[in-house]
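Hi,

Here is the structure I promised to pass on. Please take a look, then read my notes on its pockets below.

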Amino acid sequence: MRARLPLALGAAMLAGGMMSFGQTVAPDAIAPLFNSAAPVVAVAAAVSLAARGPWSHVTLGALAGPLVMVGYYATASLRGFGVSASWVVLWCVAGVLFGAVMGLAVWLLRGHGAAWLRPLAAAVLPSVAVGEAAHGLARISESTPVGYWWAQAAIGVAVLAWTVATRLTGVAATLVACGATAAGAAAVFAAYGAF
């Protein structure tokens, strides 16, 4: 178990470094993948799978988010790109917050904790994916590929559908998960609009 934790956290930092390279070498059609929040939250989810208890899930998620950003910005700096300290701080703080929430969501979706919280947990990653995709379509579609944002939205909906089908039971839980995803996506969209 202890060997798994540093490996998982190292993988988060490596993912950030790969995002920096991906941003400059990826085809235009998928370039936003390497400069988006949804993949960072997905990495936090994957890293938190190495945990066992609720606090270790939250902690690993909270560490994974900013470690992706550290890997990204450190690699960008080593490659000679300018790095803004204010953006590093902003995205590292966002990584801690969203990573911690994602870690808790993973713990809940593994069948732990209160069952009534699972529909909310199911909405976390889809909310980020759909809300960010809406931002991409509404606000930056002239400078980024529209197809990518539609694909990210579709993936967010697919993740929600899979999670509902495999981790939740009942119509009420499904409706709560869908409503929470819509509300969360609206909040993510609004947060992007504040920048």
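In the second largest pocket, α7 (146–167) gives the largest share of the lining, 4 residues. This is a predicted model: local features need pLDDT of at least 70, side-chain atom pairs count only at pLDDT 80 or more, and totals for chains, interfaces and linings use all residues. Residues are numbered from 1 along each chain as its sequence is written, and side-chain values use heavy atoms, without hydrogens and water.

Some terms. A pocket is an open set of points on a 1 Å grid over the protein atoms alone, where a 1.4 Å probe fits, with protein on both sides within 12 Å along at least five of seven lines. Lining residues have an atom within 4 Å of a point. Helices are DSSP runs (H or I, at least four residues), numbered from the N terminus.

Back to the second largest pocket. By class, 13 are nonpolar, 1 is polar and 2 are charged. (Ala, Val, Leu, Ile, Met, Phe, Trp, Tyr, Cys and Pro count as nonpolar; Asp, Glu, Lys and Arg as charged; the others, Gly among them, as polar.)

Now the largest pocket. Its volume is about 810 Å³. Of its 31 lining residues, Asn35, Ala37, Trp91, Glu132 and Tyr192 lie nearest the centre. Helix α4 gives the most, 7 residues. The lining has 24 nonpolar, 6 polar and 1 charged residues.

Best wishes

Technical notes. Grid points are joined across faces, edges and corners, and a volume is the space filled by probe spheres set on the points. Helices (H or I, at least four residues) and strands (E, at least two) are DSSP runs, numbered from the N terminus.
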